[in-house]
Amino acid sequence: MRTVYVNGNYLPENEASVSIFDRGFLMADGVYEVTSVLDGKLIDFDGHAVRLERSLHELDMRAPVSKEDLLAIHRELVKVNGIVEGLVYLQITRGSDGDRDFIFPSPDTVPTIVLFTQNKPGLADNPAARKGAKIISIEDIRWGRRDIKTVQLLYPSMGKMMAKKAGADDAWLVEDGFVTEGTSNNAYIVKGNKIITRGLSNDILHGITRAAVLRLAREAQMEVEERNFTIEEAKAADEAFTTSASAFVMPVVEIDGVSLSGGTPGRIATRLREIYLDESRKAAV
Ligand code: PLP
């Protein structure tokens, strides 16, 4: 049984609860972060904490704990649950003033904060990364503030189910002909030696792994171009991959039934996965 954190208390998971009036439950009025754990340490914690602050700010929500306390809570949960490889999930909602209303409750309303761990042995040495992912493309019909990491994840869940039904692993979202991102990751193609990924805007989540991987790619003298690309361009690319906190760098080997890089993980994606894992382990806290 896991120990989880709810509103200031460390509790066994079956004793933790939040109100049925919580706006996270009723309105998806909440934000989240997922931080991975390798060697019992947190990967890219600072990036996740900074993005959390930004998400809260964009939604006029206040942070219930300081960044320092947040780090301490993450570390305590990793310790008490004996996590060597896995994830820490964090969610903050606007809380509840004891009823349902579209209007936000008073700013004095105490936000709800919940954290729990997920034990994932083999997260880094993932067989799926050696095989590569098969992708389908679907229309991006999400809301227009994808830069805020909200808990409105119904369409991404539906997208993953559509992929599963089609015998694939995940979906890339396409808007006005251009790929925005994956259901729960940022999307990249490689042409020649150039890594191409959509630039930052409200259209995509500003991935913490994206920022780290692009920095490491540039440091390794790889060429990076931040621009829109179509799904047709992706199908004709030499390689493709995705990045996320929970899957790091994941090679893509098929898009809408078209095989890429001979149906095996590409050279650049494989190299970036190695570099990212090495460097982020070194910088873990
Ligand atoms: N894009 C979307 C829509 C996501 O949900 C995620 C992660 O959950 C990402 C991109 C990748 O972001 P990060 O690297 O910070 O995990």
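Me: Why does Thr 243 count as buried?
Reply: In this predicted model, its relative accessibility is 2%. Buried means under 20%, so with 2% Thr 243 qualifies. Thr 243 belongs to strand E13, residues 239–244.

Me: Good. What does Thr 243 touch, leaving out residues up to four places away in sequence?
Reply: Its contacts are Asn 185, Asn 186, Tyr 188, Thr 209, Arg 210, Val 213, Phe 248 and Val 249. Take Val 213 from that list: it is 30 residues from Thr 243 along the chain, and the two C-alpha atoms are separated by 8.0 Å.

Me: And what makes the pairing of the Thr 243 and Tyr 188 side chains a polar contact?
Reply: The distance is 2.8 Å. The cut-off for such an N or O pair is 3.5 Å, so 2.8 Å falls within it.

Me: Let's turn to the ligand. Which residues come nearest to it?
Reply: Of the 18 residues around the ligand, Arg 51, Lys 149, Glu 181, Ile 208 and Thr 209 come nearest. Thr 209 is also one of the residues that Thr 243 touches.

Me: How much of the ligand does the protein bury?
Reply: On its own the ligand exposes 390 Å², and the protein buries 92% of that.

Me: Back to Arg 51. Why is its pairing with Glu 33 called a salt bridge?
Reply: The closest N and O atoms of Glu 33 and Arg 51 are 2.7 Å apart. The limit for a salt bridge is 4 Å, so the pair meets it. Glu 33 sits in strand E3 and Arg 51 in helix H2 (residues 45–58), 18 residues apart, which links distant parts of the chain. Both Glu 33 and Arg 51 are buried.

Me: What does the salt bridge between Asp 147 and Arg 54 tie together?
Reply: Here the N to O distance is 2.9 Å. Asp 147 is in the loop between strand E7 (133–139) and helix H5 (154–165), while Arg 54 is in helix H2, so parts 93 residues apart in sequence are tied together.

Me: Are the two partners buried, exposed or partly exposed, and how do you know: Asp 147 and Arg 54?
Reply: Asp 147 has 1% relative accessibility, so it is buried. Arg 54 has 33%, which lies between the 20% and 50% limits, so it is partly exposed. Asp 147 also forms a salt bridge with Arg 145, with the closest N and O atoms 2.8 Å apart. At 24%, Arg 145 is partly exposed.

Me: How many salt bridges does the structure hold?
Reply: There are 26. Asp 140, Arg 142, Arg 146, Glu 175 and Glu 181 are linked in a network of them.

Me: Why is Gln 221 called exposed?
Reply: Its relative accessible area is 70%. Exposed means over 50%, so Gln 221 qualifies. Asn 7, with 39%, counts as partly exposed.

Me: Finally, which members of the largest nonpolar core touch the most other members?
Reply: They are Leu 38, Ile 195, Met 222, Phe 241, Leu 272 and Tyr 276, out of 29 residues. Helix H8 (267–283) is among the elements supplying at least two residues, and H8 gives the most, with 6. Met 222 touches Ile 195, Ala 217, Ile 268, Arg 271, Leu 272 and Ile 275, not counting residues up to four places away in sequence. Apart from this core lies another, of 23 residues, including Leu 52, Leu 56, Met 61 and Val 65.

Notes
Residues numbered from 1 in each chain as written. Predicted model: local features only at pLDDT ≥ 70, side-chain atom pairs only at ≥ 80, totals over all residues. Heavy atoms only, no water. Core = buried A, V, L, I, M, F, W, Y, C linked by side-chain atoms within 4.5 Å. Buried < 20%, exposed > 50% of the residue type's maximum accessible area, 1.4 Å probe, protein only. Helix = DSSP H or I, 4+ residues; strand = E, 2+ residues; numbered from the N terminus. Contact = heavy atoms within 4.5 Å. Near = heavy atom within 4 Å. Areas by Shrake-Rupley, 256 points an atom, 1.4 Å probe, with all protein chains shown as cover. Salt bridge = Lys/Arg side-chain N within 4 Å of Asp/Glu carboxyl O. Polar contact = N/O pair within 3.5 Å; in protein donor to acceptor, adjacent residues only side chain to side chain.
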